[in-house]
Amino acid sequence: MALHFQSLAELEVLCTHLYVGTDLTQRIEAEKALLELIDSPECLSKCQLLLEQGTTSYAQLLAATCLSKLVSRVSPLPVEQRVDIRNYILNYVASQPELAPFVIQALIQVIAKITKLGWFEVQKDQFVFREIIADVKKFLQGTVEHCIIGVIILSELTQEMNLVDYSRPSAKHRKIATSFRDTSLKDILVLACSLLKEVLAKPLNLQDQGQQNLVMQVLKLVLNCLNFDFIGSSADESADDLCTVQIPTTWRTILLEPETLDLFFNLYHTLPPLLSQLGLSDPGNYHEFCRFLARLKTNYQLGELVMVKEYPEVIRLIANFTITSLQHWEFAPNSVHYLLTLWQRMVASVPFVKSTEPHLLDTYAPEITKAFITSRLESVAIVVRDNLDDPLDDTATVFQQLEQLCTVSRCEYEKTCTLLVQLFDQNAQNYQKLLHSPSAITVDKAIQEGRLAWLVYLVGTVVGGRLTYTSTDEHDAMDGELSCRVFQLISLMDTGLPQCSNEKIELAILWFLDQFRKTYVGDQLQRTSKVYARMSEVLGITDDNHVLETFMTKIVTNLKYWGRCEPVISRTLQFLNDLSVGYILLKKLVKIDAVKFMLKNHTSEHFPFLGIGDSYSLSDFRCRTTFYTALTRLLMVDLGEDEDEFENFMLPLTVSFETILQIFNNNFKQEDVKRMLIGLARDLRGIAFALNTKTSYTMLFDWIYPTYLPILQRTIERWYGEPACTTPILKLMAELMQNRSQRLNFDVSSPNGILLFREASKMICTYGNQILSLGSLSKDQIYPMKLKGISICYSALKSALCGNYVSFGVFKLYGDNHFDNVLQAFVKMLLSVSHSDLLQYRKLSQSYYPLLECLTQDHMSFITNLDPPVLLYVLTSISEGLTTLDTVVSSSCCTSLDYIVTYLFKHIAKEGKKPLRCREATQAGQRLLHFMQQNPDVLQQMMSVLMNIIVFEDCRNQWSVSRPLLGLILLNEKEVLAQCFRNLMEGVEQNLSIKNRDRFTQNLSVFRRDVAEALRNDGSSEPCSLDMMS
């Protein structure tokens, strides 16, 4: 759309397309036209035309939007022009208070932005934009509509001052916000409170919409004042950590006056329900009140709380409130978290309270536990009969609440245990009756199963809440009573498989088993624990060995019968994986028959989830990695150097690979071959992950190379465009390249390290070349189809380069091009990725930058040989990575830059010395130096970025930033903030030794403080630029 707006009508058509149009093409064109309008010299005159003669509110909104973007530019308009715009808008809204609310809001935002960005602008020895507060007071003396506009101006200004614009230096924002806080914010708060006192003093007609709106806007203004980030901490309001509002000292008198707090309580009681949001029946109010209660224990110790005179009454009321909240489980379920947090922290503090005053938690905590238990059981019937969303399906919330409840439930544990035993027996008997009743109603059975699932979760929770320093033999015996019942339920459920099965009960049982494992089964076992007393009588489980047998029998049963239920299989395998971590447990596990059976029969015939049928989705195959990791850990216990045992273990995989070898080229079902290969890749990755010794890893390498790796290479070549197939294979290769525990340090006579790298090189090159042939991809396809695979390739290459098991100089010496090929593939893949994508996709950035760090550390000859555009791309990616919030990425960038700068510095230092020696290295250094001379702004820009980070940002990795900075300063000897830089270089010599670097790092802390202090002192009276070297 060409921008030649000759008439108001054309502008209004643009507004219609932009704000209410349904045609996407017209809207995009309108957005382009808006950008052109902002850049047009006629922008201000057109905005004025829209405001004064526009026939719709959207015309005025467009004018406000244009003005907002205009005044927010990095290069600001002249001061006089901004003053004129501000005064014009003030007069405009004063003369037309009946404008649409969204237009008034947009125009006031323009005033707020002008005021903030010009806060330190001086004209005729006056801060010209700070007059806004005096101007607003004129509004407050007018009609109700004018008063509302005045309050909205102050509210928007306060919010804008508190808003961090990450496109501008954060130090500049803090400077403006601090000045506003010290000069104006207190006056605004006092003004707002005085307006609220007027509301209480003279009865307003709150049936009048205008007066209602006025009260709401004043309350919003007060909230914005109190929400102000007074000290620049930017606290995360969603966090439960200690979060104290750092009120300025000068505000103490206001807040300590009793009438200030009374004002808000009186308002809450006086204002009609429409303004007080119906009290705690409003989910928002209720949620904030629950957060407020949780903060009681965050800010005060239990010993302090019990000393307060009203504590007994308050704790009773809080207990009643909590019980009522738990009983209304369907109302604001997310708020319950804060109430349980309060009780969890209170109960956890009981052993440490030394006060003689009663804390009364032994009275109320059991009531809270009982309310939680009974309310959850009662909810099941409502959920089933009304077909509501089951809270048990939201496992994240359930687990969080149960982990909080476990602490509360151990207070007066006898009461909790008695209740659970009674409920469990009752519900288990009812369930057995239903199972044996031919006329049982499905709904009744579903209700009983839901209640049993909750009870099993709750038993696991209270057992998991056991603490060594507070537990007694009596408590352990109670745990045994409860655990007995769950183990009996396990026998009942497993006997009825596969006809009698319930996923929710199975998931609850796995939760219980895991909690029991954490509490009573471990490397430091309590053989004399009373938990086994009752279990030995009823079940014959006398110690942890019998428990482990029960665990493994349950795991095998689940893997046999629940193969088509991914949640149960996944949780079962996670439980198996957790069991297989401790060495002492592994020694016990391998003696169990169920484990021996798994090691000899890990096929789809016995464990259906290992099948490749269409009934299994490819995403379900992921659990196979976990299965084989745990299984291989069990194998490793007694494996030693027994190659025959390893071959027997690998036999099912060998058969699968041999099958693929025979049919790969035939007209066989390609889909079946693909699914088989995906499964094999995931299986092998699990096995490789668990093989952490040189001997065992060598067995795997000899098994897979040279017979089966070529199959994987062909798979990548054939199905490169299918991530479901390529990703598992690339991840397997990345795992094989990991030199974890020095497992790849083969014998000196073995070429395995080089052979492995050659295979990885072939695969990365194949994938890299093929993936680039896909051409351009849409935004939603680029990561899964391309960038994910590239990030895995980079991760594999990084593992190889820093694994210290390949001598890369050998490749060039013997004319082997595998190393050069993989580096060229790295470059090709890199150039196909934009800088924004490099940083936007976290997994990609966290594989690319550490790889670049390895290349700059050990392969600078490769870096210096890059074509100038490629080298510029790499250096630009480092420059952009320096400013990212991800410390892994920014630290890698700093290290890479340090290696490059050090290399360049050493080359310059050696120039002219021994020219005939190391001619190749000299030429490489000369190439890099020539490039830097052709592009002098590259290093200067990076130095500027690092300086801004050090001085103005919250630098979380100052040590990493300091390392390249010294080299950059030595290469860019410029006088900037002269005295501070002289102090920075005091005692620092012209070399890059470790001692010299450490001295520089120490000076850097002082330098940061000095520069910040100098700018703060200078900025209090006049504006200054905060971009040091731009």
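**Confidence at the ends and beyond**

Over residues 1-5 the pLDDT stays under 50, and for this stretch the model has 14 contacts beyond four places in sequence. The model is a predicted one, and its chain averages a pLDDT of 85, with 91% of the residues scoring at least 70.

- A further stretch in which pLDDT stays under 50 covers residues 1018-1030, for which the model has 28 contacts beyond four places in sequence.
- Where pLDDT is low, predicted coordinates should not be read in detail.

**Surface charge**

- A patch of negative charge on the surface brings together D638, E641, D642, E643, D644, E645, E647 and D702.
- Helix α30, which spans residues 643-649, supplies the largest share of this negative patch, namely four residues, while D702 lies in helix α33, made up of residues 694-704.

**Backbone geometry**

- Most residues other than glycine have a negative phi, and most peptide bonds are trans.
- The peptide bond from Y705 to P706 is cis, with omega near 5°, and P706 is found in the loop between α33 and α34 (709-718).
- L360, a residue other than glycine, has a positive phi, near 65°, and L360 is found in the loop that lies between α17 (336-349) and α18 (361-386).

Definitions and conventions: Residues are numbered from 1 along each chain as its sequence is written. This is a predicted model: local features need pLDDT of at least 70, side-chain atom pairs count only at pLDDT 80 or more; totals for chains, interfaces and linings use all residues. Side-chain values use heavy atoms; hydrogens and water are left out. pLDDT is the predictor's confidence in each residue, from 0 to 100. Contact means heavy atoms within 4.5 Å. Patches are made of residues with over 30% relative accessible area and no salt bridge: like charges are joined within 9 Å, nonpolar side chains (Val, Leu, Ile, Met, Phe, Trp, Tyr) within 5 Å. Accessible areas come from the Shrake-Rupley method with a 1.4 Å probe; for residues, only the protein chains shown count as cover. A salt bridge is a side-chain nitrogen of Lys or Arg within 4 Å of a carboxyl oxygen of Asp or Glu. Lys and Arg count as positive and Asp and Glu as negative; His and the chain ends are not counted. The place of a charge is taken as NZ of Lys, CZ of Arg, CG of Asp or CD of Glu. Helices (H or I, at least four residues) and strands (E, at least two) are DSSP runs, numbered from the N terminus.
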